[in-house]
Amino acid sequence: MIFVTVGTQLGFDRMLAAVDAWAGRNPDTKVFAQTGPTRLQLKNLECKPFVSPSRADQLVQESSLIVAHAGMGSILTAMRHSRPILIMPRHASLGEHRNDHQLATARWLATRPGVVVAWNEQELVERLDQRGSLGASGGLPPVADGPLVQRLHAYLQGAGIGSDSPSRT
């Protein structure tokens, strides 16, 4: 199954329309989409505007691929469950978001194992056609690694923030 999610804040009709058209040409592949608010009449996939966090987690675990906007919550969830994720960033110029931070996120993660970027609808369909060759990430530990924690601790101590320093009020 392919799990499609647009996140909880905004709809993403451009991505949903491309996936719906693809699903129509690939009826043997089950696709479930969490659509957010949309005016589209999706014909080729099962969908709901919103799903509970526990249902989303279940859908991720049942999926062989996640297709999502370039939101960090979706990306981290896919990585945590070692699922490949195909992301398509929203564009502020198309009214899909307030700014283009998702483009920056996609550029930053484009070379990370398990994260595949589609920059437009055509690339999204091409990547869906190649879904069997998309590898998963190596997973994501539930807590930050030791070196990161040590660097953060040193930074906070250097800034006078931490349990050993007086509170800053």
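Start by selecting Met-72, Leu-76 and Trp-108: together they make a nonpolar surface patch with about 330 Å² of accessible area. A patch here gathers residues with over 30% relative accessible area and no salt bridge, joining nonpolar side chains (Val, Leu, Ile, Met, Phe, Trp, Tyr) within 5 Å and like charges within 9 Å. A salt bridge would be a side-chain nitrogen of Lys or Arg within 4 Å of a carboxyl oxygen of Asp or Glu. Accessible areas come from the Shrake-Rupley method with a 1.4 Å probe, and for residues only the protein chains shown count as cover.

Before moving on, note that this is a predicted model, where local features need pLDDT of at least 70 and side-chain atom pairs count only at pLDDT 80 or more, while totals for chains, interfaces and linings use all residues. Residues are numbered from 1 along each chain as its sequence is written, and side-chain values use heavy atoms, leaving out hydrogens and water.

Now zoom in on Met-72, which lies in helix H3, residues 72-80. Helices (H or I, at least four residues) and strands (E, at least two) are DSSP runs numbered from the N terminus. Met-72 counts as partly exposed because its relative accessibility is 32%; the scale calls a residue buried under 20% relative accessible area, exposed over 50% and partly exposed in between (1.4 Å probe, protein chains only).

Stay in helix H3 and select Ser-74. Is Ser-74 buried or exposed? With 13% relative accessibility, Ser-74 counts as buried. Show its surroundings too: apart from neighbours within four places in sequence, Ser-74 touches Thr-5, Ala-68, His-69 and Ile-85, a contact being heavy atoms within 4.5 Å.

Next, go to Ala-92, in the loop between strand S5 (85-87) and helix H4 (101-109). Ala-92 is partly exposed, at 24% relative accessibility.

For a charge over a ring, select Arg-55 and Phe-32. Arg-55 lies over the face of Phe-32, 5.7 Å from the ring centre; this requires NZ of Lys or CZ of Arg within 6 Å of the ring centre and within 35 degrees of the ring normal.

Finally, zoom out to the whole protein. There are 6 helices and 6 strands, in the order β-α-β-β-α-β-α-β-α-β-α-α along the sequence. Of the 169 residues, 41% count as buried. The protein exposes about 9500 Å², with carbon and sulfur atoms supplying 53% of that area.
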